[in-house]
Amino acid sequence: PEPPETARFLAKRWDLRKQLHSVIENQGDSRPGEVISSIQRQLQHNTALLRIQRTIDWQDRQMRLAHDIFYFSNRGQSRKAWQAARFMADAGVGPKHRCYHRWPSQVPSIDDWMSTMKLHGKEGGCQAQCIWQSDV
């Protein structure tokens, strides 16, 4: 969840975008260019304020985590201190250099996929049975 001030800027940005969309869609105003440019300026200003607010939120988060590290390490709670340090560094526990957003290099055909899934578990499949197949 976003902090309240950031949520306010996000709601304002959403309202400005809806307003801009409705003005462009209706075009009923006698001077739509002036109205559109005014909304766009407001949107740019709001986006700049949102960026500043998110930086402030990030700095507050980092300061809070630094305080937690100091607090827990002074009290001998090393597990919680390490957890706060990992949050502060945005480092997860697990294999390094994992790429979460990588597309597969090859996409098997449906027949290849079905034949692989029909294999026994030791051979890489799960003894699947086809219960329905689409033409699409």
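**Salt bridges and a helix check**

I began with Glu2. Its relative accessibility is 42%, so I noted Glu2 as partly exposed. I kept in mind that this model is predicted.

Next I looked for salt bridges. A search of the whole structure gave me three. I reminded myself that side chains of opposite charge can pair when their charged atoms come close.

I looked up the partner of Glu2. The side chain of Glu2 meets that of Arg54 in a salt bridge, 3.5 Å from N to O. Glu2 sits in the segment before helix H1 (4-26) and Arg54 in helix H2 (residues 32-74), so this pair ties together parts 52 residues apart in sequence. Arg54 has 37% relative accessibility, so I wrote it down as partly exposed.

Then I turned to Glu5 and Arg8. Their side chains form a salt bridge at 2.5 Å, N to O. Both residues lie in helix H1, three residues apart, which is about one turn of the helix. Glu5 is partly exposed at 32%. Arg8 is partly exposed too, at 48%.

I went on to Arg61 and Asp90. Their side chains meet in a salt bridge of 3.4 Å, N to O. Arg61 is in helix H2 and Asp90 is in the loop between H3 and helix H4 (110-118), so the pair ties together parts 29 residues apart in sequence. Asp90 is at 55% relative accessibility; exposed means over 50%, so Asp90 counts as exposed.

Last, I checked helix H3. Its 12 residues (78-89) should span 16 Å at 1.5 Å a residue, and the end C-alpha atoms are 16 Å apart, so the two agree. Asp90 follows H3, and its phi is positive, near 55°.

Methods: Residues numbered from 1 in each chain as written. Predicted model: local features only at pLDDT ≥ 70, side-chain atom pairs only at ≥ 80, totals over all residues. Heavy atoms only, no water. Helix = DSSP H or I, 4+ residues; strand = E, 2+ residues; numbered from the N terminus. Expected span 1.5 Å × (residues − 1). Salt bridge = Lys/Arg side-chain N within 4 Å of Asp/Glu carboxyl O. Buried < 20%, exposed > 50% of the residue type's maximum accessible area, 1.4 Å probe, protein only.
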